[in-house]
Amino acid sequence: MSDARTAILGRLRAAGGAGPLPDLDTAVLERRQWPAAERAERLRKGMEAVHTEFLEATSATWPAVVRAFCDREGLKNLLFGPTCEDGAELARSWAPGGTKLMPYDRPVETFKDELFTGVDAGFTGTVGGVAETGGLLLMPGPAEPRLMSLVPPIHIALLRASTIQDTFWSAVKALGWGRSLPPNALLISGPSKTADIEQTLAYGVHGPKRLIVVLVQDLA
Amino acid sequence: MSDKPTKVYFYGTCLVDLFFPDAGMAGIQLLRQAGVEVIFPEGQTCCGQPAFNCGYWEEARDVARTQVALFPKDLPVILPSGSCAGMMKVHYPELFHSQPDEARVRAFSARVYELTQFLVDVLDVKLKDLGEPVKVTWHSSCHAVRDLGLKGEPQALIGQLSNVELAPLARTHECCGFGGTFSVRQPEISGAMSCDKAADAEATGASVLLSTDGGCLLNVNGTLEAKQSPLRVQHIAEFLWERTHAR
Amino acid sequence: MHAEKEILFRDSASKALLDPQLRANFRRAMDGLITKRRNQFPDPRDLQDLRDLSTTIRSRSLLSLPELLEQFEANCTKNGIKVHWAETCEQANNLVLSIMQAKGAKTLVKGKSMVSEEMHLNAFLESKGIEALESDLGEYIIQLDGETPSHIIMPAIHKNKDQIARQFSQKIKDAKYTEDVDELTAMARKVLREKFLKADAGLSGVNFAVAETGTLCLVENEGNGRMSTHVPPLHIAVMGLEKVVARLEDVAPLYAILTRSATGQAVSTYFNMITGPRGTDEKDGPQEVHLVILDNGRSRMYADPQLRATLRCIRCGACMNHCPVYTRIGGHAYEAIYPGPIGKMVTPQMEGVGVRHDLLHGSSLCGACAEVCPVEIPIPEILVRLRREATHEDVGSNVLGRGTGRTGTEDWAWRIWAGVLKRPALYRVAAWFATRFGKALPASAPLIKNWTRTRTKPVPARRSLSERMRAEGGSHE
């Protein structure tokens, strides 16, 4: 189909007019700023409005908070990434009995059915958050596969207050995502939802039915 | 005060000329009441908008040229219509783009005002209400607001009248369905929009619906009459003049 | 695929108007969307600044479109995304088919994609023995009934709960009748998760394509987009060639204004950035990602300095939500993939302005669409321009079907109109007759007949304004 390529690009070029590019005035984005101490609260408000649940924790207590949640909900298992830092820390303090930790350490093809039908929850870290609208930034990869935050009915995400940015725009810049991106990166603002039937909101349509944010208050 | 114009041109527009001459007369009287001399050049026909909107630009230009020629002096040109003012002010420069007389037309366009816009923004008139208490509703013409950029001038004038209560429409910014040739090319949709507008106006409990534009008034009036509604329509100029001049 | 005969918008619109349920469904839905959007923009200055910025970003992207597309393609290729180009929908369909065939794929789950609707991809694949299943809930609902989307963001908005309840109970195996939205949603979830699990391939559209990083950005709420693009071993994305922007940070404001304009959400549930297939050591994600870049008339729009603005569109649907015509007839009456004001602009350019001449006149030019457009496309101006193209062959453009909407009747009408109005003396005579005898015109006269369907006959005043001013004297110079 290189013919199509040549023809299309040829037509676009022939149209000409690649004049000087008009300047971008980003003041409207720069105005959206909050003191670090207020960002977590703003994020929380935004995400709670779309049914995200929050659990408060500290750098020391968060594994116990996750565990307590799993026990309380009677989860039979929790999918996690054993080689990522947060996953490893969770595993270190995970007492035997109750909810079983289930490592996502092999290609999805080897347990796709089980992933879809036999996993109660997935645990992931985050690389940041967005205060303006509420939202978590995730960078799935080898240590934390993509489907952990998508397929299980409950997604538990660890968010450190210190990593929350003002806006998605400022986060993209702070994380250097403009220069290079991993095969997948994403913003998540709540559990999966739809309004396709008479504009009535319903949660848990294809992805997680619940999103639990374990918010680590790590600002001095 | 000295920088306010003392002499203006008045452009009647075809709809006012044929269907709402009282509104045209009232507009002229309002300007005179504000101390402005009004020139009404002979030879006025139509701004050319119907042909322009249908893509017949040569025909629209032919007509527009004859109209521009009627207003040679550097005086404001006042129209009792937001739509026609929008055509002359905003769309003439597009219509005459790259034409030999473009500069002349642009200079003309820069002098065009809708009546209430001129009364408020330029003359800053103060009205004294001499009428009986009345409840009115307001239909804002789409072209007056979105093309010409009226920013509430008519409502401000109504607001100056102490005995007038303004009951807003539920859908104040929705088109009444006129749309010029739209009303006859797509009569079913246009009719549905007009009926909704008429019902909206009736629900306000007002006794009269006001607007800056003859097209909207003709449309809503025809619809109200067809359903034998007691609600009347009136051009804003006529309404303002009726209430503010000593008889 | 292009129609030969003019498609009369008036006919289908009139039919739609007769359905009170449809009108009520749309009115309620559009009112809700208008309110939700308004609530997202409490500060008019912020809104205008964000619109200006978004417009500039889209304009900049279009200014350097060929260069950005090449850069985007190079970066995609570097990332392992295979890029294909299609001039026509037919080519695009065949590309999707051959990509699937090369992998032996027999089933496809689809995330929402208007470009795939443009391609009529589902019908094409089904004719080749491939199951193409829509997974966006709204798209799934209409696919069950063999319908097309009636709105570009909310495809099933024309249906109410009872209709969907009936449909599910008849068409989904073992489904019981319920009007509970959560239960209906759960039924679809059950069916579709099974499909995601088993599908050989997933298809998605692209909301924004980032040149600098070679990234495909997808905006969604349901998670079906992520399911379609991450679960099956093969992901095929289709996009219009106008979707590319230079940098990811340019996408941020576009994304901000897209969700707010579309559904009145500050942010969608997911913003999914795909920059490649499953990476080394990754345990999931598709093994292959393919991208089909479609022209289908876009380069033609691009060639015209005014019509190029059409390509700024980010497909938010705000224009239709605010359109007084769309609100009353819904999307199907447009008999086109893209309904509403955006459809009135795009469809005639893709199919020909002659065959879609009547659609171009299906607008009162009220400007509500342009007022809310997040990228400030002057839709009424473009409609007027296309009306000109439809009736004039020789204005020096490359618009498809130019001049083919011209009729002798309309030509003569405007010639007479101008002939009278450019001659004040003639107008004076005509006005005299109109004011004296206008009343006598029968309501069945041409044009008046259309007017009087819902209105009384307009009656000219007894004396025109000009006549009265002449009588007054004095004011003339």
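## Chain A

In chain A, residues 24 or more positions apart account for 73% of the contacts with a separation of 6 or more. This is a predicted model. Chain A holds seven helices and 12 strands. Of its 220 residues, 49% are buried. The C-alpha trace spans about 70 × 45 × 40 Å along its principal axes.

## Confidence

The predictor gives the complex an ipTM of 0.97 and a pTM of 0.96. Chain C averages a pLDDT of 96. In that chain, 99% of the residues score at least 70. Where pLDDT is low, predicted coordinates should not be read in detail.

## How the chains meet

Two pairs of chains touch. The pair with the most contacts is A and C. Chains A and B do not touch. Their nearest C-alpha atoms are 19 Å apart.

Chain C also touches chain B. That contact takes 53 residues from chain C and 54 residues from chain B. On the chain C side, the elements giving two or more residues are all helices of chain C: α1 (9-17), α15 (324-329), α18 (368-372), α19 (379-391), α20 (408-421), α21 (424-437), α22 (448-451) and α23 (465-472). The residues on this side of chain C divide into 25 nonpolar, 16 polar and 12 charged.

## Chain C overall

Chain C contains 23 helices and 10 strands. Its radius of gyration is 26 Å, close to the 23 Å that the globule rule gives for 477 residues, so chain C is as compact as a globular protein of that length. Its C-alpha atoms fill a box of roughly 90 × 55 × 50 Å, taken along the principal axes.

Buried residues make up 59% of the 477 residues in chain C. Take the contacts in chain C between residues at least 6 apart in sequence: 73% of them join residues at least 24 apart.

## Strand β4 of chain C

Strand β4 of chain C covers residues 201-204. Both of its faces are covered. A201(C) and L203(C) lie on one side, G202(C) and S204(C) on the other, and all four are buried. In a regular strand the side chains alternate between the two faces of the sheet.

β4(C) has parallel partners. Three bridges join it to strand β2 of chain C, residues 107-110. Four bridges join β4(C) to strand β7 of chain C, residues 234-240.

Chain B has an open sheet of four strands in the order β2-β1-β3-β4, with parallel pairing. The edge strands are β2 (37-39) and β4 (112-114) of chain B, each pairing on one side only. Neighbouring strands of the sheet are turned by 35° against each other on average, direction ignored.

Strand β1 of chain B, residues 7-10, runs parallel to β2(B) and is joined to it by three bridges. Within this pairing, K7(B) stands opposite E37(B) in β2(B).

Technical notes:
Residues numbered from 1 in each chain as written. Chains lettered and ligands numbered in written order. Predicted model: local features only at pLDDT ≥ 70, side-chain atom pairs only at ≥ 80, totals over all residues. Contact = placed C-beta atoms within 7 Å. Nonpolar A, V, L, I, M, F, W, Y, C, P; charged D, E, K, R; others polar. Buried ≥ 20, exposed ≤ 12 C-beta atoms within 10 Å, placed from the backbone. Pairing = 2+ DSSP bridges. pLDDT = per-residue confidence, 0-100. Axes fitted to C-alpha atoms, helices over the stretch in contact; angles between N-to-C directions. Rg over C-alpha atoms; globule rule 2.2 N^0.38 Å.
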